[in-house]
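Good morning, and thank you for coming.

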Amino acid sequence: MKIAVFGPARRVGIAHESSIIDANGAYAKFLAETTETVRATEYAAAAVPAYLNAFIEEGDRAIAGARAAVDHLTGQAENAIGIHGEQLVFDLDEVELHAPIEGPSRVFAALANFADHMQAAAANTGDESAKATIAKLQAGGPKYFIKDARCTSTDGDEVRYPARTSLLDYEAEIAVIIGKKGRDITAADVQSYIWGYTLANDWSVRDNVSFGPDFQYSKNFDTGTGLGPWIVVDDSVDPHAIALTCKVNGVTRQDGNTDQMINDFYALGAWLSRDLTLYPGDMILSGTPKGTAVDSSQRLDDGTFPDDSKFLRPGDVVEVSSPLLGSLTNRIVKAG
């Protein structure tokens, strides 16, 4: 099932064929038309919440209810009008989708988590201190940073080229979404906390990157956390066998798989949850494979990049995709 966030009210929708179906409204209709439920609207609000984090927290009941609602609406129902006369089905090409994350949720992003990415970056620099930093990043267990969930973009959005950079980079990633509250989770138990999966693009500023206290300055800017277009919820998915690619202006730059992660999602979840409670809606990003601009552009002797490097420019179109999760496509625009 594909769970989207749509429209001005940012309600939970189900992506079905070429449409988005309002999950909560469709479930209320299902109850009213197929059961003897007296207060269908109130019951639906609890069982299939209209807003994402509550929907995630409701777990299997929400998924089962949404599935039953979609089956009814696309099968036995006489029309697609809600019990209060509201529209329930929206054309996917016309409805506005939002990044599938809500308010208080956090984006934990793995750092230096694909060996080929880090090795390629090291090979493209003659600076011994930079090589030493890259080696240090790969040693000593998982590392992460936090991206601001309010600085998101999703499929079709324009991504703002930060005025403070001339080296904007892309990073194709997979995100897992936490489905229940937990702390001090063992690696063996992390899988039971994973609710779903979505695509991510960890847009990054590469000018004068410091791996000290101000590192997050290079990772956080408006539209700089690409997520979506929806969350795929499927218990049969192996989180460590998800293929992903990244194309820039139609040319493939990255072609990887989560089976290449240095620290897998189970290790990351266990590491992050030590003394820290994870909540429904929180996300963990995989890290990125080889093929970013920074690891595929040869540095000059002075440590700078040549004018023909692979860093992005306004007007470029970047597509992150996965056969399992869909595609996340954005055009870069000049900061205004």
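Predicted model: local features only at pLDDT ≥ 70, side-chain atom pairs only at ≥ 80, totals over all residues.

I begin with a salt bridge between E33 and K29, whose closest N and O atoms are 2.8 Å apart. By salt bridge I mean a side-chain nitrogen of Lys or Arg within 4 Å of a carboxyl oxygen of Asp or Glu. In general, side chains of opposite charge can pair when their charged atoms come close.

Residues are numbered from 1 along each chain as its sequence is written, and side-chain values use heavy atoms, with hydrogens and water left out.

Let us return to the pair. Both E33 and K29 belong to helix α1, where they are four residues apart, about one turn of the helix. Helices (H or I, at least four residues) and strands (E, at least two) are DSSP runs, numbered from the N terminus.

The next pair is R106 and D282, whose side chains meet in a salt bridge at 2.7 Å, N to O. This pair links distant parts of the chain, 176 residues apart: R106 is in the loop between β5 (97-98) and β6 (107-110), and D282 is in the loop between α7 (265-272) and β17 (283-285). R106 is partly exposed, at 22% relative accessibility, while D282 is buried, at 2%.

A further salt bridge joins the side chains of R183 and D184, with an N to O distance of 3.9 Å. R183 is exposed, with a relative accessible area of 53%, and D184 is partly exposed at 46%.

How many salt bridges does a search of the whole structure find? The search finds 12. Some of the charged residues form a network of salt bridges, which links K147, D169, E171, D202, R206 and K219.

I now turn to the packing of helices. The axes of α1 (residues 23-34) and α2 (residues 40-47) come within 8 Å and cross at roughly 130°. Axes are lines fitted to C-alpha atoms, for helices over the stretch in contact, and angles run from 0 to 180 degrees between N-to-C directions.

Which residues make the contact between α1 and α2? On α1 they are N24, Y27, A28, L31 and A32, and on α2 they are A40, T41, Y43, A44, A45 and A47. Contact means heavy atoms within 4.5 Å.

Helix α7 is the next stop. Six of its eight residues are buried, so α7 is largely enclosed by the rest of the structure. The buried residues are F265, Y266, L268, G269, A270 and L272. They pack against β6, β7 (144-147), β11 (172-178), β12 (194-202) and β17.

By contrast, consider D307, found in the loop between α8 (293-296) and β18 (317-322). D307 is exposed, with a relative accessible area of 79%. From C-alpha to C-alpha, D307 and D264 are 36 Å apart in space, and they are 43 residues apart in sequence.

Finally, I come to the backbone. Most residues other than glycine have a negative phi, and most peptide bonds are trans. In this model, the peptide bond from G228 to P229 is cis, with omega near 5°. P229 lies in strand β14 (residues 225-232).

D275, with phi of about 65°, is in the loop between α7 and β17. E17 is exposed, with a relative accessible area of 73%, and D275 is exposed too, at 70%.

Thank you for your attention.

Note on methods
Buried < 20%, exposed > 50% of the residue type's maximum accessible area, 1.4 Å probe, protein only.
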